[in-house]
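Thanks for coming. I will take one model and go through a few of its parts in turn. Please have a look at it first.

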Amino acid sequence: MPEFSGRRRPVRRVRAAVAGLVVLPLTLAACAAPEQPDEVSVLTAFYPLQFVAERVGGEEVEVTSLTPPGADPHSLELAPSQVVELGEADVVLYTSGLQAAVDDAIDSQPPQRVIDAWQAAGIEADLLTEDPHFWLDPTLLAPVGLAVAEELGAADPDHAEEYTARAEELTAELESLDAAYTDGLDGCGGALLVTAHEAFGYLADRYNLRQEGIAGIDPEREASPARMREVAALVEEYGVQTLYFETITAPDVTLALAEEAGVETAVLDPLESPPDEGDYLSTMRANLDALESGLVCE
């Protein structure tokens, strides 16, 4: 019988050790946690829609607004990269007819899921060319939140229940806000609300106020001398004590008219851009405070 070298056993031990090294990474890979899915990407046209998407989406979504803070959403222009980003977003929330650049981008780069806030709020198509500030009526913003929850649930079924629950919570908060306006402006029916431009039509309609804009619906349009005289006559006739200007428009005309008429001025935020402090809900309550203290009511 041939003699065996004492080196054979160490060779087997080396081979076993190598095999163990091969198995170890495979074992670690099998035990590793599965990759988490990316956040749902939501692209919104401007602030109030961004607020709704963030509240409904929570931590499961990444929300981006096409309109930067402080910018006028009406005159928005999009960079080519934004157009691409819009086409690649999981959900897009916009208001048709308000921003031509966004309308064109959606036509050229159709996203997978699009929510038109006008339609979600149940606003008739023939009103699209008039006052676009529907979000100043909280009862019209609530159904937009429910539409967002539905589309997010379609994009991310694993969290559909969370989206629906948060949309219902937002609806309850908006109903509470509406009740605060109804109570706070009780007795103000028919009161004259004089604003720099007619951005508060939906708010006025909801709470039975009469809005008069110094410069009409277009914030970039200057009031004519004839219009200034007309508004001054209304201020005197109705005993108006406060004229309101907005956060993103120059107050010069409103201040001049108020000085001439001997009345006060106050600020109303149309919430076209993120407020400096707080959010949609707190800013709407600040608007209510300004209306309560400035309107002439019973």
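I start with a pair of helices. The axes of helix α2, residues 47–57, and helix α6, residues 138–155, come within 9 Å and cross at roughly 55 degrees. Bear in mind that this is a predicted model. Two packed helices are described by the angle between their axes and the distance between those axes. Angles of 65 to 115 degrees would count as roughly perpendicular and those under 35 as roughly parallel; α2 and α6 are therefore oblique to each other. The crossing in which α2 passes α6 is right-handed.

Which residues meet there? From α2 they are V52, A53, V56 and G57. On the α6 side they are L141, V144, G145, V148, A149 and L152.

Staying with α2, is the helix mostly covered or mostly open? It is mostly covered, with nine of its 11 residues buried. Those buried are Y47, P48, L49, Q50, F51, V52, A53, V56 and G57. Just after α2 comes G58, which takes a positive phi of about 60 degrees.

R166, which lies in helix α7, residues 160–184, touches R55, V56, G57, G58 and E60, leaving aside residues up to four places away in sequence. With E60 there is a polar contact: the two side chains are joined at 2.6 Å.

Next, a residue in a strand. E212 is found in strand β6, residues 210–213. Is E212 buried or exposed? Its relative accessible area is 13%, and the cut-off for buried is under 20%, so E212 counts as buried. Around E212, again without residues up to four places away in sequence, the contacts are L192, L193, V194, T195, E198, R227 and L234. For L192, the C-alpha atom lies 7.2 Å from that of E212, although the two residues are 20 apart in sequence. With R227, E212 makes a polar contact of 2.8 Å between side chains.

Last, helix α11, residues 280–294. L281 is itself among the buried residues of α11.

Terms used:
Residues are numbered from 1 along each chain as its sequence is written. This is a predicted model: local features need pLDDT of at least 70, side-chain atom pairs count only at pLDDT 80 or more; totals for chains, interfaces and linings use all residues. Side-chain values use heavy atoms; hydrogens and water are left out. Buried means under 20% relative accessible area, exposed over 50%, partly exposed in between (1.4 Å probe, protein chains only). Helices (H or I, at least four residues) and strands (E, at least two) are DSSP runs, numbered from the N terminus. Axes are lines fitted to C-alpha atoms, for helices over the stretch in contact, and angles run from 0 to 180 degrees between N-to-C directions. Angles under 35 degrees count as roughly parallel, over 145 as roughly antiparallel, 65 to 115 as roughly perpendicular and the rest as oblique. A crossing is left-handed if the near helix is turned anticlockwise from the far one by less than a right angle, and right-handed if clockwise. Contact means heavy atoms within 4.5 Å. A polar contact is a pair of N or O atoms within 3.5 Å; within protein, one must be able to donate a hydrogen and the other to accept it, and residues adjacent in sequence count only if both atoms are side-chain atoms.
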